[in-house]
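Here's a quick tour for someone who likes to know the cut-offs behind the words. Have a look at the model first, and then we'll walk through it.

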Amino acid sequence: MGTRVYVELWWQNEARANELMQQVMDEMERINQLMSPYKTRSELSAINRLASEQAVPVSAELFRLIQTSVRYSDVSDGAFDITFASLGSEYDYRNKIKPTESQRKKAAALINYRDMVLLPADNSVRFRKKGMRIDLGGIAKGYAVDNAIAILQAAGVESAIVTAGGDSRILGDHRGRPWLLGIHNPRGDGQVLKLPLEDVSISTSGDYERYFEADGVRYHHIIDPHKGASPSELMSASVLTDKSIDADALSTTLFVLGTDKALKLANSQPGVSAILIDRTGKVYYSSDLVDPAMQ
Ligand code: ADP
Ligand code: MG
Ligand code: MG
């Protein structure tokens, strides 16, 4: 997945614990093989290669995840949109490569999840426009983390944490105390906040993971589908909610939306908390995290 995976779990017997770790890693790798845009043999790559020409049947699993992505596009007015990749794939952040202005405009015009036709009869996907692409980088890690936690839970584990990139899910507590998780300082080392957490998912989307700067502009891996450019209002958006897939999709969504719309969306979703850090370093909380007497 092009990211670091971290697993910590409590179990009485070390051999069995290692076996469970391996099962988690195998599951992560299985999902990577299915959904990576960089593996030419993944189902996702088949969609990107062929769906402009024909309907491409995929596994029920991938189809369901694409459907979930569309649900987030609908609730966010298209701020979350996996067809962002029509433009996103033109950037190479490591090598500081970006499209020319005319390439950028052309690719940005191809971003629209409504031009992705989903046919549930045979789990197939077709693009209405030539050159469209999708990428599940904003949701797949959360999905993988949920699957990993499900494996551990089914095995009887009561205390664990699984992290993939910016997406973590916590099972139970940390031996009688909460787990302590931090929110990174978006412009330095260390953490700006530490949160005591139990049985919850937390995802952070930031502009500091994959980016480069050129001509005073910060080009990073999240793209505003409506503007065809990286949003610059927030430095990070964190979401806490039960499932990691939701925390993941929503953190990317809130990052795109910017402070006001992000807080509005977070406050409208039951069971969702949000912590935003804007460009000036100011921290904002969803209303459930704020003491009404202090407002
Ligand atoms: P992380 O990769 O650290 O988990 P995110 O969950 O925020 O961070 O995911 C960022 C990824 O989401 C990008 O690398 C890209 O693959 C994808 N992405 C970028 N912009 C959008 C968007 N507007 N809608 C959906 N996915 C996006
Ligand atoms: Mg995300
Ligand atoms: Mg993520």
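This is a predicted model: local features need pLDDT of at least 70, side-chain atom pairs count only at pLDDT 80 or more; totals for chains, interfaces and linings use all residues.

What follows goes from the overall fold to the metal site and then to a handful of individual residues.

## Ground rules

Residues are numbered from 1 along each chain as its sequence is written, chains are lettered from A and ligands numbered from 1 in the order in which they are written, and side-chain values use heavy atoms, with hydrogens and water left out.

## The overall fold

The protein chain has 8 helices and 14 strands. Both kinds of element are DSSP runs numbered from the N terminus, with helices (H or I) needing at least four residues and strands (E) at least two. The radius of gyration is 19 Å, close to the 19 Å that the globule rule gives for 295 residues, so the chain is as compact as a globular protein of that length. That radius is taken over C-alpha atoms, and the rule is 2.2 Å times the number of residues to the power 0.38. Along the principal axes, the C-alpha atoms fill a box of roughly 55 × 45 × 35 Å.

Of the 295 residues, 51% are buried. Here buried means under 20% relative accessible area, exposed means over 50%, and partly exposed is in between (1.4 Å probe, protein chains only). Take the contacts (heavy atoms within 4.5 Å) between residues at least 6 apart in sequence: 60% of them join residues at least 24 apart. The accessible surface comes to about 14,800 Å², with 48% of it belonging to carbon and sulfur atoms. Those areas come from the Shrake-Rupley method with a 1.4 Å probe, and for residues only the protein chains shown count as cover.

## Two magnesium ions

Which residue coordinates both the magnesium ion (ligand 2) and the magnesium ion (ligand 3)? That's aspartate 248, and the two ions are 3.3 Å apart. Donors are N, O and S atoms within 2.8 Å of the metal (3.2 Å for Na, K and Ca), and water is not among the atoms, so sites may look incomplete. Aspartate 248 and threonine 252 are 4 residues apart in helix H7 (residues 244-257), so about one helical turn separates them. Both of these residues are buried.

The other magnesium ion (ligand 3) is coordinated by Asp167 (OD) and Asp248 (OD), at 2.3 Å. This pair links distant parts of the chain: aspartate 167 is in strand E6 (residues 167-171) and aspartate 248 in helix H7, 81 residues apart. Aspartate 167 is buried, and so is aspartate 248.

Not counting residues up to four places away in sequence, threonine 253 touches Ser76, Ala79, Phe80 and Leu265.

Leucine 265 sits in helix H8 (residues 259-268) and counts as buried at 9% relative accessibility. With the neighbours up to four places away left out, leucine 265 touches Val75, Leu250, Thr253, Leu254 and Leu257. Leucine 265 and valine 75 are 190 residues apart in sequence, yet 8.4 Å apart in space, C-alpha to C-alpha.

## Loop residues to look at

Lysine 96 has phi near 55°, a positive value in a residue other than glycine. You'll find lysine 96 in the loop between helix H4 (85-88) and helix H5 (101-108), and at 56% relative accessibility it counts as exposed. Asparagine 123 also has positive phi, near 50°. The loop that holds asparagine 123 runs between strand E3 (116-119) and strand E4 (124-127), and this residue is partly exposed at 21%.

Glutamine 54 lies in the loop between helix H2 (43-50) and strand E2 (56-57). Glutamine 54 is partly exposed, with a relative accessible area of 40%. Beyond residues up to four places away in sequence, glutamine 54 touches Val125 and Arg126. Phenylalanine 127 is 73 residues from glutamine 54 in sequence and 8.0 Å away in space, C-alpha to C-alpha.
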